[in-house]
Structures are given as structure tokens and as C-alpha cells.
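Please read the numbered points with the model in view.

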Amino acid sequence: MSLDPHLAYARRMDRADGLAHYRKRFHGTDAPLVYFDGNSLGRPPIAAIERMQRFMEHDWGGRLIRGWDESWLQLPLEIGDRIGRAVIEAKAGQTVIGDSTTVLLYKLARAAVDAQLARHPERREIVIDTDNFPTDRYVLEGIARERGLTVRWIEVDTTLGVTSQQLRAAVGRHTALVVLSHVAYRSAYLADAPELTRIAHDAGALILWDLCHSAGSVPVRADAWEFDLAVGCTYKYLNGGPGSPAFAYVRDDLQRALAQPIQGWFGAADQFAMGPRYEPVPGIRRFLSGTSPILAMLPMDETLAMIEEAGIAAVRAKSVALTTFAIELADDWLAPLGVTLASPVDPAERGGHVTLHHDAMREVTARLWQRDVIPDYRDPGGLRIGLAPLSTSFEEVHRGLDATREVLRQVIAERAGLG
Ligand SMILES: *Cc1c(COP(=O)(O)O)cnc(C)c1O
């Protein structure tokens, strides 16, 4: 029998892929395991494993408390600036590594609504969509309760995301803040960030972008698109490791006007004066609160170096080729079994993952995990295939979807037998 044309294509794509060599720089990529969850927890860069060892022995073990003065105090700003350069096109001094995404969201959103209320008491609404990531919805509901504000919900199609028309209808003279995800975690819908930012600004609102599912896979132009605020995860496409701290972006001309609610010594003007009163330091450092998680911010630096070298445009081009290939295989192999696409078909409207819908996907996901094929499952019936561009090969996509076809057939046959 001749070679499956899809497999021949996958091999040809891998040979022609200018980024293929990065895959070898991630731990575990020599094993047959298929990893479709780099958008939830990226693989560890091998250089990060070596760097952690070196850091513990030399920096922590050798420098001890001197490490803070020598370099660690600067690290959250240095890595922040690197994210600015390599990933979100932000000039220096606007991006910092802080707490979890959840906590940074809280700090920036609270600061934003307070600044609005101080100048425009009539701006008492926060706009967010019903399918935004749970933590975003929970945090904003909490802030609304604390400040006596109203949440205005945009109802979205869960296979898509927030459109310009929907946002235009939701904002107005009562809007304080808009909070949106650039890439929807469920559908991978890629929001038109420059256009939506303009709509929020035209209404006099501030906008906070959640970049968790775009940072490291989809180009972001924070300065050019005139973002006010943004947060993003680093353990997804940036391979920072489980619980690695998130980043916050605050446009430089807004920083002075924003007072964040967790005022701590790491954001104080003269940290080691240990003075009687809190005075925020000028600049992006004021958004820090307590002691920075230095160990946990080291691994991401290795991926940032790779993205800097490869260029985010090349990363995005490979991401589009990977998701397009996954959709082709799904059309060919899975659609006849009743699977439908729960992500945008147009790559210009799609981030770095693909969600495939079928009633049996919860069961299919569990069985795939037993076979070392690791996608994830999102209700309702969504098999989510995350394709981290630096660490995923086309042949891996082929292998994973082939296994999905086999397992889905099995599950369908068993169900029919039971019926
Ligand atoms: C993953 C993710 C988060 C996670 O927040 P944590 O505080 O790191 O748990 C938040 N928002 C979005 C859109 C995400 O995809």
C-alpha cells in the first residue's frame, strides 16, 4: 500500500520547516508521546533544566542574599522587557513579571476602575463576555461587588468570540473598563484587538487584554494597537513551567495615574528604607507587591530567547500551518464520524489551537491519555488540540489525529452495540 498522502505531506512539511530544529530543544520530544496541550502547560526547554541547576548551585547557593542586590531585583523588569520585545511589541518599561494572571488581572482591573471612577463617577460598568476564561469573569465580578459596579455581559457564540458589532453595542458613557481575551480559550477565536481597542477608547473606556492564549503563538502589538493594560500567562506557549508567574503590561503614560490595590514593599519608592508610609515607585515596578518568584521566572527566559531568534512572525506562520493541517485531517477523517469544527475556519480568525466537537469527546480524551496522546477536553464535547509551534511537529499532528480517529470509531461502535 502506498504511503498515506497526509503522512507524506506531514513529513515534507517537517523537512521544509525552518523552525523544526527548536523541537529538539524541548525535553521529551524524542519520545513517541503526542502532546496537544502546550497551550495549557508547555514542555520544559532543556536549557531551562540546566539553568535551574546552575542557578540553585551558583546563584542561590553561592550568592545567597547578595543575589537580590546583584541581579534578582531587576529580573522581573528585565524578563518583562524581553516579553515586550519578543512577544507583545511593547517598548521597555511597560511590562513586568508579577503574580499569577488572576492576581495581576485583579490589580490592574481594580486600579483601572478606581482611576475611572475618580474622574468620571458615572462610569460604573465593566464589560466582559460570558465565555471569557472563568478566572477573568470571577475576578471582575468580585471587583464589581467591591466597588458597587455593574457587570455588562456580552453573550457570545462559544465557537467564536466577541465581535466589533457586539462590543459597540455594549459600551457607552457608563463603561469604565472592558476586559477581553485576545484568543478565546475554548474556540481559539482571535479577536480583532486593534479594532476592539478603538471601540472601547471611542466610548471613553479603558481596555484590559488577556493575552494568555496568544502570548508566544500569535503576534501582539501592544503599543501600536494602543493597549491600555494587558496580562498574560507564561506557562502556556512560553514554557515557564507549572505556576510560573504571569506578566502585566501597563502603557507608560497610564502608570502614574494607576494605584494598584495590593500595595507592598516590592512596589514601594524606596523599598529598603522601610519607611512609615507606602509611596509607589515611579514606573512599571509599582505593580509588584511582594517578593518576586525568581526561581519560577527562569525557564520562560529560554523560550523567549528562541522566539527572539526565530521571530514571532515565523512562529505564527508555523502555528497557522499546524492548525490548518489539523483541520484538514479532521475534515477528512473525523467529519465522517460526526465531528464538527468548533473553531474559526479562517486562519486569520484563529489562534494556536483547534477545538473539535463530538458528544463522545470526553470519553475519547480519557482513552487518548491512556495511549500517550494528550489533548484536553472542554465542555461541551470539545476536544481541544493545542499546537505549540516551537515544540510540535507535523508528523506529531498526524499521529495524534490518527489515534483520535481510531479511538472515536471504537467509542462509537461500543455505543452502537450498547444501543
Ligand atoms: C490560563 C488562563 C488563565 C489562568 O490564570 P492563572 O491565574 O494563571 O491560573 C487566565 N486567563 C486565561 C484567558 C487563560 O487562558
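1. In which loop is the place of Phe-26? Phe-26 sits in the loop between α1 (5–16) and β1 (34–35); helices (H or I, at least four residues) and strands (E, at least two) are DSSP runs, numbered from the N terminus. The model is a predicted one, in which local features need pLDDT of at least 70 and side-chain atom pairs count only at pLDDT 80 or more, while totals for chains, interfaces and linings use all residues. Residues are numbered from 1 along each chain as its sequence is written, and side-chain values use heavy atoms, with hydrogens and water left out.

2. Phe-26 counts as buried because its relative accessibility is 1%; buried means under 20% relative accessible area, exposed over 50%, and partly exposed in between (1.4 Å probe, protein chains only). Leaving aside residues up to four places away in sequence, Phe-26 touches Arg-43, Pro-44, Pro-45, Ile-46, Asn-239, Thr-303, Met-306, Leu-390 and Ser-391, where contact means heavy atoms within 4.5 Å. Asn-239 is 213 residues from Phe-26 in sequence, yet the two are 9.4 Å apart in space, C-alpha to C-alpha.

3. The chain is divided into domain 1 (5–48 + 311–415) and domain 2 (71–307), with bounds that come from an automatic or database domain assignment. Their C-alpha centres lie 29 Å apart. To the contact, domain 1 gives 35 residues and domain 2 gives 28 residues.

4. The largest nonpolar core has 90 residues, of which Ile-88, Leu-140, Leu-167, Leu-177 and Trp-209 touch the most other members. Such a core is a set of buried Ala, Val, Leu, Ile, Met, Phe, Trp, Tyr and Cys residues joined through side-chain atoms within 4.5 Å. Helix α5 (residues 101–119) supplies the largest share of this core, 10 residues. Both domain 1 and domain 2 give residues to this core, so it lies between them. Apart from it lies another core, of 30 residues, including Trp-333 and Val-397.

5. Thr-150 belongs to strand β4 (residues 150–154). With a relative accessible area of 45%, Thr-150 is partly exposed. Not counting residues up to four places away in sequence, Thr-150 touches Arg-124, Glu-125 and Ile-126. Thr-150 and Gly-400 are 250 residues apart in sequence and 44 Å apart in space, C-alpha to C-alpha.

6. How many salt bridges does a search of the whole structure find? The search finds 30, a salt bridge being a side-chain nitrogen of Lys or Arg within 4 Å of a carboxyl oxygen of Asp or Glu. One of them joins the side chains of Glu-308 and Arg-82 (2.9 Å, N to O). This pair links distant parts of the chain, since Glu-308 is in helix α10 (residues 299–310) and Arg-82 is in helix α4 (residues 75–86), 226 residues apart.

7. Arg-367 counts as buried at 19% relative accessibility, whereas Glu-363 is partly exposed, with a relative accessible area of 32%.
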